[in-house]
Amino acid sequence: MTREEKNQIIDELGEKFATTPYFYIASTAGLTVAEATEFRRMCFAKGLEYKIFKNTLIAKALAKTGTDYTPFDAEVLTGMSGIIFSPEDAKVPAKLIKDFKKAAGKGKITFKGASIEGGLYIGEDQLVALENIKSKNEMIGEVIGLLQSPAKNVISALLSGEKKLAGLVKTLSERPE
């Protein structure tokens with residue numbers, strides 16, 4: 001590969017890192033060709049993009065983003081590294097990796113690290129936390145539900161009080177003097 005080709009890959013990958021809020025780095029070194037093809041198909045079916053790059057190219061592309069990814073250097077960018085880009089949901093790749101581990105075997109694929117909107121998650125133990133992370137839309141829905149709850153309680157109390165008050169007025173008006 002020529003220097004120009006490497007620079008082009010670094011530029012394209014740096015742009016991808018900058019525009020994609022969620023990306024995971026995993027090692028698929030234990031996969032056969034058929035298993036790797038199946039993993040790529042699963043990624044494509046979920047709307048994810050999976051590509052394998054040299055660690056030096058990944059490191060140089062990450063350096064161009066302006067975010068500090070130096071914690072990735074020692075633990076994540078070693079051995080074979082494949083990147084899973086997720087444009088919309090942070091937990092879809094985590095679920096995909098977990099499901100693939102169940103189907104193909106635990107040693108076949110290894111989660112190395114992830115970046116979720118600038119936050120770094122390093123190590124296999126972080127996969128469970130990433131799988132349970134809530135998406136932006138889920139968080140907005142929960143906040144709206146919490147904000148609506150007191151208003152609904154007040155409205156229902158006023159409506160029930162209105163019926164009680166009307167009943168009392170009617171009873172008092174029908175009562176002989």
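## A covered strand and its neighbours

Strand β4 (110-116) is mostly covered, with 6 of its 7 residues buried. Here buried means under 20% relative accessible area, exposed means over 50%, and partly exposed lies in between (1.4 Å probe, protein chains only). Helices (H or I, at least four residues) and strands (E, at least two) are DSSP runs, numbered from the N terminus.

This is a predicted model, in which local features need pLDDT of at least 70, side-chain atom pairs count only at pLDDT 80 or more, and totals for chains, interfaces and linings use all residues. Residues are numbered from 1 along each chain as its sequence is written, and side-chain values use heavy atoms, with hydrogens and water left out.

**The chain as a whole**

The chain holds 7 helices and 5 strands. Along the sequence they follow the pattern α-β-α-β-α-α-β-α-β-β-α-α. Of the 177 residues, 31% count as buried. A contact means heavy atoms within 4.5 Å. Take the contacts between residues at least 6 apart in sequence: 78% of them join residues at least 24 apart.

**Strands around β4**

Two strands pair if DSSP finds at least two bridges between them. β4 pairs with β1 in the antiparallel sense, over 6 bridges. In this pairing, Ser27 stands opposite Thr110 of β4. β4 also pairs with β5 in the antiparallel sense, over 4 bridges. Here Ser115 has Leu120 of β5 as its bridge partner. β4 and β5 form a hairpin with 2 residues between them. Glu117 sits in the turn and has a positive phi of about 45 degrees.

**The nonpolar cores**

A nonpolar core is a set of buried Ala, Val, Leu, Ile, Met, Phe, Trp, Tyr and Cys residues joined through side-chain atoms within 4.5 Å. The largest one has 20 residues. Those with the most contacts inside it are Tyr24, Phe39, Ile84, Ile97, Phe111, Ile116 and Leu130. Which elements each supply at least two residues of this core? They are β1 (22-27), α2 (33-45), α5 (92-104), β4 (110-116) and α6 (127-131). The largest share, 4 residues, comes from α5.

Ile84 shows how parts of the chain meet. Leaving out residues up to four places away in sequence, Ile84 touches Tyr22, Phe23, Tyr24, Phe39, Leu48, Glu49, Tyr50, Pro93 and Ile97. A second, separate core has 16 residues, including Ile10, Leu13, Phe17 and Phe53.

**Helix α5**

The expected span of a helix is 1.5 Å times one less than its number of residues. For the 13 residues of α5 that gives 18 Å, and the end C-alpha atoms are 18 Å apart, which agrees. Pro93, Ala94, Leu96, Ile97, Phe100 and Lys101 of α5 are buried. Seen down the helix axis, the buried residues of α5 fall within an arc of 160 degrees, so they line one face of the helix. The arc is that of the directions from the helix axis to the C-beta atoms. The face turned away from this buried side carries the exposed residues Lys102 and Ala103.

What covers the buried residues of α5? The cover includes β1, α2, β3 (81-86), β4 and α6. After α5 comes Gly105, whose phi is positive, near 120 degrees.

**Salt bridges**

A salt bridge is a side-chain nitrogen of Lys or Arg within 4 Å of a carboxyl oxygen of Asp or Glu. The structure holds 7 of them.

| Pair | N to O distance |
|---|---|
| Lys64 and Asp11 | 2.5 Å |
| Lys98 and Glu131 | 3.3 Å |
| Lys101 and Glu124 | 2.0 Å |

Lys64 lies in the loop between α3 (55-63) and α4 (70-75), and Asp11 in helix α1 (residues 3-19), so this pair ties together parts that are 53 residues apart in sequence. Lys64 is exposed, at 53% relative accessible area. Asp11 is partly exposed, at 41%.

Lys98 lies in helix α5 and Glu131 in helix α6, so their pair ties together parts 33 residues apart in sequence. Lys98 is partly exposed at 33%, whereas Glu131 is buried at 15%.

Lys101 lies in helix α5 and Glu124 in the loop between β5 (119-122) and α6, so their pair ties together parts 23 residues apart in sequence. Lys101 is buried at 13%, whereas Glu124 is partly exposed at 31%. Elsewhere, salt bridges that share partners join Lys16, Glu49 and Lys51 into one network.
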